[in-house]
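Open the structure in your viewer and keep the selection tool ready. We will go stop by stop.

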Amino acid sequence: MSPKDWPLRPLPDSANQLPARLGDFDCGKPSLDAFLKKTALFNQQTGVCRTVICQPATDLQVVAGYYSLAIAALPHDDLPARVRRRLINQPMQAVPLIARLAVDQRFQGHGLGARLLIAALGDVVQAWEKVGGPVVAVQPIDEQAVKFYERFGFVAVHGAPHMFMRISTARKALGLE
């Protein structure tokens, strides 16, 4: 069974329901590892963000990868110019944020990052259908992450720490338009 068939599920809300080997997660980026191991459960319980984990079908005690979604308040001027022109000029704009996305080093190179990103975009588009919004944002952790997101159509805005994808672009990528 390939990673594309592995189950995705919400991070449990209870510590005693977490995968037993969650602490083994190592994507090579200490801050992303620490988030999953130390912060994700608290954020899940308090509603700060939602985390989805992917596990190998053969070992549901291991986490192969994850993504977290949240709402961010970003400066109006950080949004792409094409999007800004269509919005009321408020100091801050609420946008869905793919807050974190990571794949354990043992599972990298098999398309799992792309699968997680597509799943995250699917969740964002579902929410968009209920509440609206022009873009989804990411804040890449490094240049390697920038290149990953660019491959999927995210664009940078000069001087802003975030990259953006129009919801219409996400819908097309998901085959919804």
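**Before you start**

This is a predicted model, in which local features need pLDDT of at least 70 and side-chain atom pairs count only at pLDDT 80 or more, while totals for chains, interfaces and linings use all residues. Residues are numbered from 1 along each chain as its sequence is written, and side-chain values use heavy atoms, with hydrogens and water left out.

**Stop 1: the sheet**

Switch to a cartoon view. Helices (H or I, at least four residues) and strands (E, at least two) are DSSP runs, numbered from the N terminus. Strands of a sheet pair through backbone hydrogen bonds, either parallel or antiparallel. Here two strands count as paired if DSSP finds at least two bridges between them.

In what order do the seven strands lie? Trace β1-β2-β3-β4-β5-β7-β6 across an open sheet with mixed pairing. Now select β1 (8-10) and β6 (155-156) at the edges. Each has a single partner strand, so one side of each is left without a neighbour in the sheet.

Next, select helix α1 (residues 30-46), which packs on the sheet. Helix α1 touches β1, β2 (50-54), β3 (65-75) and β4 (92-103). Contact means heavy atoms within 4.5 Å. The direction of α1 makes about 125° with that of β2. Such axes are lines fitted to C-alpha atoms, for helices over the stretch in contact, and angles run from 0 to 180 degrees between N-to-C directions.

Then pick β5 (residues 135-138) and β7 (residues 163-166). They pair in the antiparallel sense over four bridges. Look for V138, which stands opposite M163 in β7.

**Stop 2: helix α4**

Select residues 143-151, helix α4. Which of its residues are buried? They are A145, V146, F148 and Y149. Buried means under 20% relative accessible area, exposed over 50%, and partly exposed in between (1.4 Å probe, protein chains only).

Look down the axis of α4. The buried residues fall within an arc of 160°, so they line one face of the helix. The arc is that of the directions from the helix axis to the C-beta atoms. These buried residues pack against β4, α3 (112-131), β5 and β7. On the other side of α4, Q144 and R151 are exposed.

Check the N-terminal end of α4. D142 caps it, with a side-chain oxygen 3.2 Å from the backbone nitrogen of Q144. After α4 comes G153, whose phi is positive, near 105°.

**Stop 3: salt bridges**

Side chains of opposite charge can pair when their charged atoms come close. A salt bridge is a side-chain nitrogen of Lys or Arg within 4 Å of a carboxyl oxygen of Asp or Glu. How many does the structure hold? There are six.

- Show R171 and E129: their closest N and O atoms are 3.0 Å apart. R171 lies in helix α5 (residues 167-173) and E129 in helix α3, so the pair ties together parts that are 42 residues apart in sequence. R171 is buried at 14%, whereas E129 is exposed at 51% relative accessible area.
- Show R21, D24 and D59: salt bridges that share partners join them into one network.
- Show D104 and R106: the closest N and O atoms are 2.9 Å apart.

**Stop 4: H76**

Finally, select H76, in the loop between β3 and α2 (81-84). Is H76 buried or exposed? H76 is buried, at 5% relative accessibility. A polar contact of 3.2 Å joins the side chains of H76 and Q93. A polar contact is a pair of N or O atoms within 3.5 Å; within protein, one must be able to donate a hydrogen and the other to accept it, and residues adjacent in sequence count only if both atoms are side-chain atoms.
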